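Hi there,

Here is the structure I promised to pass on to you. Have a look at it first, and then read on for what I found in it.

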Amino acid sequence: MSTTNVQDAAQDMSQQAETTTAHETAAQSSQAPGSDVAPGGTTITDAPPDVIKMKGRNVDVFYGDKQALFDVDLDIGERQVTALIGPSGCGKSTFLRCLNRMNDTIDIARIEGDITLGEQDIYDPHIDVVELRARVGMIFQKPNPFPKSIFENIAYGPRVHGLADTKTDLEEIVVTSLQKAGLFEEVKDRLDAPGTGLSGGQQQRLCIARAIATSPEVLLMDEPCSALDPIATAKVEELIDELRENFTVVIVTHSMQQAARVSQRTAFFHLGILVEVGATDQIFTNPRDTRTRDYITGRFG
Amino acid sequence: MTDVAASPPAAGAPSQGQGLHTSDAARKRLKARYASEARFKFFGIAAVLTAAFFLVLLLSTIVGQAIPAFNQHYVTIPVDLSQESLDPNNEGEAVLRRVDYDAVVRNGLRSLFPYVESRGDRRTLGGLVSSGSAVRIRQEVLDDPDATIGQTSFAVPLDDVADLYFKGQVSEERFVETTGEASPTGTEGTIQILSTANDFRDLLADVKDFLGEQADEVERELASRERSLERAEIDIVSYRDRMPEEGSDRREFFEDQVQILERGINGLNANIRDLTAELADLRARSTAAGADEVLTTELPSILVEINGGVVKASSINATAVEGEVIVPLTTTAAASGGDWSIREVVLPERNRKLDDRSLIYLDQLAADERVERQFNMIFFSSGASREAELAGIWGAVVGSFFTMVVTLSLAFPLGVAAAIYLEEFAPKNRLTQLIEVNINNLAAVPSIVFGLLGLAVFLNTFGLPRSAPLVGGMVLALMTLPTIIIASRAALRAVPPSIREGALGVGASKLQTVLHHVLPLAMPGILTGTIIGMAQALGETAPLLMIGMVAFIVDIPATPVDPSTVLPVQIFMWADFPEVLFRQKTSAAILVLLAFLVTMNALAVILRKRFERRW
């Protein structure tokens, strides 16, 4: 589906070409490429998403004395896939982990700025982190199923949140989650087998099933395919595309093809700065910042 | 110029290998690398073999010493346990309790040896069975009067030395073939036995050899005394020489020294005189061929068995012995060669615990088939005792068990909880760092320090009972805690962070993450650490000595507050006793302790494997 969009976007782009060039030169003059510190508010943003699910404003993240994110403003659109791209160490995973406060587990991490989920500030001291993580699920780079049975892996979340009153309810949740993750047909005969015995791609889909079993509103994916082979990757990408119908998805990826294939909006991070954000078609066909262009054309990163 | 001239042949020599990695120099380097690898391998194997050798040596010594202790000899003696003699009026336990069971044993033994009449000999006889025999009979009568009353015989344990005799550990013995016809001159008292052949010649020669050896020993001793004398005389001379040069203080000191030395010299001279006389005597006896030799207790014993009796020789020549009859002979008739026998007990009577008389009585009991070898139940079922044959490890095993229960129930939950808090919840600041450093230091504190702490705090401040497994367990728990905490923290740290993230990611709370996911995964490591800590505690002696668990306690403890001892302390105490059987039981107890330790370590491995497979 993405390819047609990109082609469309390419046509649009040629019309916009003149305006963007002007924009670009402005950006270039304001900051030399590769400079470490960017003044806030320089992010190039095109039209915001229709419905905003999560919103980050002036987000700074520090690991001890080192600042990892500089003044990031980013909106996450509801029921669409937002891809975060950028070279290693650019802060995209850091931003992702801010969205469900996973950074809280790191003692030296400090977050400033506002991040809201719906209308709620998720860094409000009154907010319950456990509840937040039930609403904002996460899938990690390396598949990390619990060393328990497939059933137990998925049942764990609903159980700790008390989502199922009876065993039948729980079984239903497990089955639907597996079906949504496209894994049910493959494992229906061996739900008692250990989850760690599955193949890498199956494990990752198991983790996705586990994440959606608690019916979160947002799914965060931290390079979910980096440890998978191309076939497993294709399956997971297909799955992500389907998940868009029910969930808001934020995905961090190193693969620009993947970002182009699965996402509707793309945000490009560089050295802790959100350089550019916009519709995926536009970012890949007509980036406005030179750094974005250099990155997507493979000149660095 | 010379360099240029010299270089062509040098470059020309290695014709086939010119590359960086194929030249001769490179080959040489490679060869050196392989050589160093081979050397390293050799040293490694040598180290392993040395360690294995010493381990085998240690184990074989212990096992070799311990094996005799697992068996024990019992003698079946006739006993009068009839209703009439014990409890004629059928009054029951009160009367049965008061019966003189010592007399029952004594009378039973005497009935087997009617010819033993003198007081001294009867005492010798009574010493053959364990002094606990009467207690055992009494216990049996009280436990089960119906079955016991009316019994006419009872198996009682032999005394430890008698037991060792049947295990062949008292002395080497030699039997001499007889060829001549022997005629005794009487059946009782002191008699002579004359042989028609030179049946005693070899024995006499043996005795003479023995005397010769003794003479050699005396000679060596004499030589060392003479050297001492010489040194003392030289010292005196040197003191005398230096005296005029010194001041009055030093001179006085020197005079004192000289006086001391002179007294010593007098003593030495007397000693040397005695030894010289003894040496001359021994030499004369050992070389005087054919003469009668008096057999003192310092010489091997010679026992002659003839006509159903036993004679202990007191003097010997080539064809005859004179000696005391210990078991009366039936007749004075001559016995033809082969029908009578001579036996030499090589170790002199003075150097062994079992005298010739006891030995002969024991032989008679064995000949009557009254002596029986049994598995040593006493060792496994009774508590401590001053009598080697009655001492057992059960009291110590129960004490160790209670101690371990207390240790485990204190150290495991505390240790694991502390580890979880420090590893998963505690903020990383100066305070927790200080705690961490101190826990690591505590693991290296000598165990006796914990014993001192137990003495000062648990006994003196809290007033807890002395010698109790409760206190022992508490002290050992303190000692084991750092081990468990360190092992548990390592195990928790080894759980991959992805598991924590996964659990947190689906919205588990921190505690849920730890309890549901991290702890189960860390459990094998925690259990291994705990069991190793417990094994260490099981083998610990020093801190328990401080809180009085070294006391001599006969009773088997019934609760953790009863006074008791533990296995390693029991071993420590037994190792101090001089009796041979105690030495053997020490080794046996070490084996039991080792068996426990091996079992615990095996358990650690099994638990580890099982838990790991389950996940």
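In chain B, helix α15 passes helix α17 in a left-handed crossing; a crossing is left-handed if the near helix is turned anticlockwise from the far one by less than a right angle, and right-handed if clockwise. Helices here are DSSP runs of H or I with at least four residues, strands are runs of E with at least two, and both are numbered from the N terminus. The axes of α15(B), residues 430-442, and α17(B) come within 8 Å and cross at roughly 120°. Axes are lines fitted to C-alpha atoms, for helices over the stretch in contact, and angles run from 0 to 180 degrees between N-to-C directions. The two helices α15(B) and α17(B) are therefore oblique to each other (under 35 degrees counts as roughly parallel, over 145 as roughly antiparallel, 65 to 115 as roughly perpendicular and the rest as oblique). On the α15(B) side the contact is made by I439(B), N440(B) and L442(B), and on the α17(B) side by P482(B), I485(B) and I486(B). Residues are in contact if their C-beta atoms, placed from the backbone, lie within 7 Å. By class, the contact of α15(B) with α17(B) has five nonpolar residues, one polar and no charged. Ala, Val, Leu, Ile, Met, Phe, Trp, Tyr, Cys and Pro count as nonpolar, Asp, Glu, Lys and Arg as charged, and the others, Gly among them, as polar.

Before we go further, please keep in mind that this is a predicted model, in which local features need pLDDT of at least 70 and side-chain atom pairs count only at pLDDT 80 or more, while totals for chains, interfaces and linings use all residues. Residues are numbered from 1 along each chain as its sequence is written, while chains are lettered from A and ligands numbered from 1 in the order in which they are written.

Helix α17(B) has another partner. With α19(B) (residues 510-538), α17(B) (residues 469-494) packs at an angle of about 150°, and their axes are 8 Å apart. That is why α17(B) and α19(B) are roughly antiparallel to each other. Their crossing is right-handed. Among the residues that meet are L476(B), M479(B) and T483(B) in α17(B) and V518(B), A522(B) and I526(B) in α19(B). The residues of this contact divide into 14 nonpolar, nine polar and no charged.

Where does chain B touch chain A? In total, 15 residues of chain B are in contact with 20 residues of chain A. On the chain B side, the elements that give two or more residues are α18 (497-505) and α19. The largest share, six residues, comes from α18(B). This side of chain B divides into six nonpolar, seven polar and two charged residues.

Now to the strands of chain B. An open sheet of three strands has the order β2-β1-β11, with antiparallel pairing; two strands pair if DSSP finds at least two bridges between them. The edge strands are β2 (153-157) and β11 (371-375), and each pairs on one side only. From one strand to the next, the twist averages 35°. Strand β1(B), residues 71-78, is joined to β2(B) by five bridges, and the bridge partner of T76(B) in β2(B) is A155(B). Helix α5(B), residues 101-112, packs on this sheet, touching β1 and β2; its direction makes about 80° with that of β1(B).

Elsewhere in chain B, six bridges join β8 (residues 309-316) to β9, and the two run antiparallel. A hairpin joins β8(B) to β9(B) through three residues. In this pair, V310(B) stands opposite V327(B) in β9(B). Strand β9(B), residues 320-327, also pairs with β5(B), residues 190-195, in the antiparallel sense over five bridges.

Chain A has an open sheet of four strands in the order β3-β2-β5-β6, with antiparallel pairing. At the edges stand β3(A) and β6(A), each with a single partner strand, so one side of each is left without a neighbour in the sheet.

Finally, how confident is the predictor in chain A? pLDDT is its confidence in each residue, from 0 to 100. Chain A averages a pLDDT of 82, and 85% of the residues score at least 70. Confidence in chain A is lowest in helix α1(A), at a mean of 40, and highest in strand β9(A), at 94. Over residues 1-41 of chain A the pLDDT is below 50. Where pLDDT is low, the predicted coordinates should not be read in detail.

Enjoy exploring!

Methods: Two residues are in contact if their C-beta atoms, placed from the backbone, lie within 7 Å.
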